[in-house]
Amino acid sequence: MGDPKAFLNIPRQEAGYRPIHERITDFSQVEQTLNSHDRKLQASRCMDCGVPFCHWACPLGNKDPEFQDALYRGKWREAYQILNSTNDFPEFTGRICPALCEKSCVLKLSCNEPVTIRENEAAIAEAAFREGYITPLQPERNGKKVAVIGAGPAGLSVAVRLNAKGYEVTLFDSKPMPGGLLRYGIPNFKLDKAVIDRRMKILEAEGILFKMGVHVDVQKLPTGFDAYTICTGTPTARDLSIPGRELKGIYFALDMLAQQNHILDGDTFPKDQLVNARGKRVLVIGGGDTGSDCIGTSIRQGAVSVTQIEIMPQPPIGHNPDTPWPQWPVVLKTTSSHEEGCTRRWSLASTRFIGKNGRVCGVEVEEVEWLPATDGGRPTMKPTGKKEVIEADMVLLAMGFLKPEQPKFAENVFVAGDAAHGASLVVRALADGRRVATEIDRYLTPLKENKK
């Protein structure tokens, strides 16, 4: 630990966002960065706790105190090596992870100023690329082949882990380019797709085979492989089956987010297929991160106004006694997109879509109350009868995704990420990919030994 008193003398300093009036005119990344000197000062704030709750909270088990210390000492290569030992894609998580580690930091408890772990992670990854620390591995092949169906976070994690162990890995995906929701679900202003492309070039140079634009039926898997991993995510969005659902102008969130990313990649769409908020009053139904992404995208497309509604009650501001440290705090979250201009409302259930000439023009909503369960179970929703109409020319459904039902597979077929557990965080998908890669290696090891 380089400076045992730094956390007492140096306040938390975030890089912050680009000015609102500037960033809403483009899809470039909103987050800025600190210079190397300030970044090292931020790393020095790590207390090197006897019990590192940051490590406990991270699904990947990142060794935060160790790489923070290396960063503080200016040992950027060492910092990256420590980080990369548990995280194959720190340039992704350093940008989009909600940083469970920071919420469990002891400095979060003591002064509500946790170490800037996520930003430090991103800075280390960028330095590694910039300084040439990241070079393609050339593992010795063991003669076994593995097919990974789905090139999202979980699939990429499985692929890179098994490839490093000498397996010949082929990634299949129905999309034209790899990345899954990293590429087609997360806006460029949060994750520039050049960041993904840069890493994919490394993976290709390491020998991973990419077969994009190929739809694979998981019940008719391609032949010629010793093992398979299903990493197809959660493709079915949660719908809202209320009267008027057939009206035009109602879309799933990913209809907009994926199309906008395609357009930024140079793709074009017929005018009647465009999902664009220009000149429209937009209503986003769903209060999570996907809904937030819809807000930022709508604003950049030129929406007249954006309203976000959520059926659950507004979370507490700042502190929630029901989720004490070091748990993830369920509190009101304000994203960069919310800051750009949005009306937010809670405890509203949508009852029907209202249309005019076949297009949506409003949504009838009803205020609800949430009554705590007497047995400590889930609360009960109670309609209050208080209804109103929210005018809207475009409605975006951002209510999450349904957990997929997987068929029974053969013993050499494994399932990872959201396809196995339902929609969750990118960092959890990466961690699950590492877990499944270990299982596949364990399963195939006797075959390797028999071949020898």
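## Aromatic pairs

The count of aromatic pairs comes to seven, where rings of Phe, Tyr and Trp (its six-membered ring) pair if their centres lie within 6.5 Å, planes under 30 degrees apart being stacked, over 60 edge-to-face and the rest tilted. F414 and Y443 form an edge-to-face pair, because their ring centres are 5.8 Å apart and their planes stand at 70°. This pair joins distant parts of the chain, 29 residues apart: F414 belongs to strand 13 (residues 413–415) and Y443 to helix 18 (residues 426–451). Helices (H or I, at least four residues) and strands (E, at least two) are DSSP runs numbered from the N terminus.

F414 is buried at 12% relative accessibility, whereas Y443, at 27%, is partly exposed; buried means under 20% relative accessible area, exposed over 50% and partly exposed in between (1.4 Å probe, protein chains only). Elsewhere, ring pairs link F53, W56 and W325 into a cluster.

## Basis of the model

The model is predicted: local features need pLDDT of at least 70 and side-chain atom pairs pLDDT 80 or more, while totals for chains, interfaces and linings use all residues. Residues are numbered from 1 along each chain as its sequence is written, and side-chain values use heavy atoms, without hydrogens and water.

## Helix 14

Just after helix 14, G266 takes a positive phi of about 105°.
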